[in-house]
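User: I am new to reading protein models. Could we go through one together, question by question?

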Amino acid sequence: AHSAQLDVKASSVEISGVVLRDPRVWRYEQQILIGLDGVNGDKREGRVMVEAPLKYRVIAGEHVLLTCRPKSLDDITPSYAAMLARQGVKDLCTRAVITKHEVRSSSLRGEVSRVRHAITNAIAHAFPSPESDLLSGILVGADGGFSDSLKKTFQVSGLTHIVAVSGSNITLMIFFFETFLLSLGLSRKRRFIVVVFWVCAFTLV
């Protein structure tokens, strides 16, 4: 295997790899950080940032197969290029069409990501939008459901921090999680061990 360098002159490439973290929503698309294992059927290594429509639902730990259009890093803003460089990303691919995504092996990051998505889905079924979006943001730092106008409102009012995964958010999560564990009849010592492990896993994702 060798380092990935996508051919920016190609109209489309097929890549496969593992989603390294939950996608980040930016305006009308999502940014998916992928650890490559193949490009056009050849073994490759490296990281690529994929820009895809919001209709695709993938989470950290899933293996994906997709086609996308390579884009030169010279054609993006210096701040975006610097952000990619900090994450070890040397390639950018846009207009992605995800043809397959699946869980091939269990990982701590993937399991925590699935718990996070289960929580946001449960909230979405229990409350209407934008109330459900706000609650998901406060509890697990999920901002994928926020409209542009709501994001702008948070920025203007200086309240963006309440939907970031901060100490206050984690404290709320600990409260709900420990209440759940208590209902299962776990002792204080076992609850403490489970909560500490969960917090460590949650903050790593």
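User: Which residue forms a salt bridge with Glu-102?

Analyst: This is a predicted model, so the answer rests on computed atom positions. A salt bridge needs a side-chain nitrogen of Lys or Arg within 4 Å of a carboxyl oxygen of Asp or Glu. For Glu-102, the closest N and O atoms of the pair are 3.9 Å apart. The count of salt bridges comes to one. The partner is Lys-100.

User: What share of the residues is buried?

Analyst: Buried means under 20% relative accessible area. The protein chain has 205 residues. The buried share of them is 38%.

User: What part of the accessible surface belongs to carbon and sulfur atoms?

Analyst: Start with the total. The protein chain has an accessible surface of about 12100 Å². The part that belongs to carbon and sulfur atoms is 59%.

User: Among contacts between residues at least 6 apart in sequence, what share joins residues at least 24 apart?

Analyst: A contact means heavy atoms within 4.5 Å. Take the contacts in the protein chain between residues at least 6 apart in sequence. Of these, the share joining residues at least 24 apart is 66%.

User: Which cysteines form a disulfide?

Analyst: A disulfide is a covalent bond between the sulfur atoms of two cysteines. The cut-off used is 2.5 Å, and the count comes to one disulfide. Its sulfur atoms are 2.1 Å apart, and they belong to Cys-68 and Cys-93.

User: Are Cys-68 and Cys-93 buried or exposed?

Analyst: Check each end of the link against the cut-off, under 20% for buried and over 50% for exposed. Both cysteines, Cys-68 and Cys-93, are buried.

User: Which side chain makes a polar contact with that of Glu-62?

Analyst: Glu-62 lies in the loop between strand S6 and S7. Its relative accessible area is 10%, so Glu-62 is buried. Contacts of Glu-62 beyond four places in sequence include Gly-17, Arg-57 and Val-103. The polar contact spans 3.1 Å, and the side chain on the other end is that of His-101.

User: How far apart in space are Ile-76 and Leu-92, C-alpha to C-alpha?

Analyst: Ile-76 is in the loop between S7 and helix H1. It is buried because its relative accessible area is 14%. Its contacts beyond four places in sequence are Lys-71, Ala-81, Leu-84 and Leu-92. Ile-76 and Leu-92 are 16 residues apart in sequence, and their C-alpha distance is 9.7 Å.

User: Which residues does Gln-87 touch, not counting those up to four places away in sequence?

Analyst: Gln-87 is placed in the loop between H1 and S8. With a relative accessible area of 16%, Gln-87 is buried. The residues it touches are Arg-21, Leu-33, Arg-47 and Met-49.

User: What is the phi of Arg-95 near?

Analyst: Most residues other than glycine have a negative phi. Asn-40, in the loop between strand S4 and strand S5, has a positive phi near 50°. Arg-95 is found in strand S8, and its phi is also positive, near 55°.

User: Which residues form a nonpolar patch on the surface?

Analyst: Phe-192 is found in helix H6. Its relative accessibility is 57%, so Phe-192 counts as exposed. The patch has about 300 Å² of accessible area together, and its members are Phe-192, Ile-193 and Val-196.

Notes: Residues numbered from 1 in each chain as written. Predicted model: local features only at pLDDT ≥ 70, side-chain atom pairs only at ≥ 80, totals over all residues. Heavy atoms only, no water. Helix = DSSP H or I, 4+ residues; strand = E, 2+ residues; numbered from the N terminus. Buried < 20%, exposed > 50% of the residue type's maximum accessible area, 1.4 Å probe, protein only. Polar contact = N/O pair within 3.5 Å; in protein donor to acceptor, adjacent residues only side chain to side chain. Patch = residues over 30% accessible without salt bridge, like charges linked within 9 Å, V, L, I, M, F, W, Y side chains within 5 Å. Areas by Shrake-Rupley, 256 points an atom, 1.4 Å probe, with all protein chains shown as cover.
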